[in-house]
Amino acid sequence: MEPMEEFEFIVVGGGSAGCVLANRLSADPKNRVLLLEAGPEDTSFWIHVPLGYGKTIRDPRVNWLFESKPEPGLGGRRDFLARGKVLGGSSSINGMIYMRGQPRQPSWAQWS
């Protein structure tokens, strides 16, 4: 039996936050960091194409395919909750939509 490796930190989930955390922890050469991700690397062609969301949204290889409980406000239907199961997490399977924030306070806010 081979000896088990030892780590100072184990990060579970290679989504956006998990990857950043593992990167920062491993910046110190004294730290041995293990990053665990259930899904594959984000090498799929459809992950890197802006309209690829239509292919990844229902793909169990890169999406957990979660659903809510039946929702009364939806007539008892379940709401689909896309959650990434791939290195990069949900950020890898989103629609690559970028929304820029308001750079300054809107003029109407001065009267609030």
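Reader: Is Phe 45 buried or exposed?

Author: Residues are numbered from 1 along each chain as its sequence is written. This is a predicted model, in which local features need pLDDT of at least 70, side-chain atom pairs count only at pLDDT 80 or more, and totals for chains, interfaces and linings use all residues, while side-chain values use heavy atoms, with hydrogens and water left out. Buried means under 20% relative accessible area, exposed over 50%, and partly exposed in between (1.4 Å probe, protein chains only). Phe 45 has a relative accessible area of 55% and is therefore exposed.

Reader: How many aromatic pairs are there?

Author: A pair of aromatic rings is described by the distance of the centres and the angle of the planes. Rings of Phe, Tyr and Trp (its six-membered ring) pair if their centres lie within 6.5 Å; planes under 30 degrees apart count as stacked, over 60 as edge-to-face and the rest as tilted. The count by this rule is two. Phe 45 and Trp 46 form an edge-to-face pair, because their ring centres are 4.9 Å apart and their planes stand at 80°. Trp 46 is partly exposed, at 37%. The rings of Trp 64 and Phe 66 are stacked, since their planes lie at 10°, with centres 6.1 Å apart. Trp 64 is partly exposed at 40%, and Phe 66 is partly exposed at 42%.

Reader: Which side chain meets Arg 32 in a salt bridge?

Author: Side chains of opposite charge can pair when their charged atoms come close. A salt bridge is a side-chain nitrogen of Lys or Arg within 4 Å of a carboxyl oxygen of Asp or Glu. The partner of Arg 32 is Glu 5, at 2.6 Å from N to O. This pair links distant parts of the chain, 27 residues apart: Arg 32 lies in the loop between helix H1 (16-26) and strand S2 (33-36), and Glu 5 in the segment before strand S1 (9-12). Helices (H or I, at least four residues) and strands (E, at least two) are DSSP runs, numbered from the N terminus. Arg 32 is partly exposed at 39%, whereas Glu 5 is exposed at 57%.

Reader: What is the N to O distance in the salt bridge of Asp 59 and Arg 61?

Author: The distance is 2.8 Å. Asp 59 is buried, with 14% relative accessibility, whereas Arg 61 is exposed at 60%. The salt bridges number two by the rule above.
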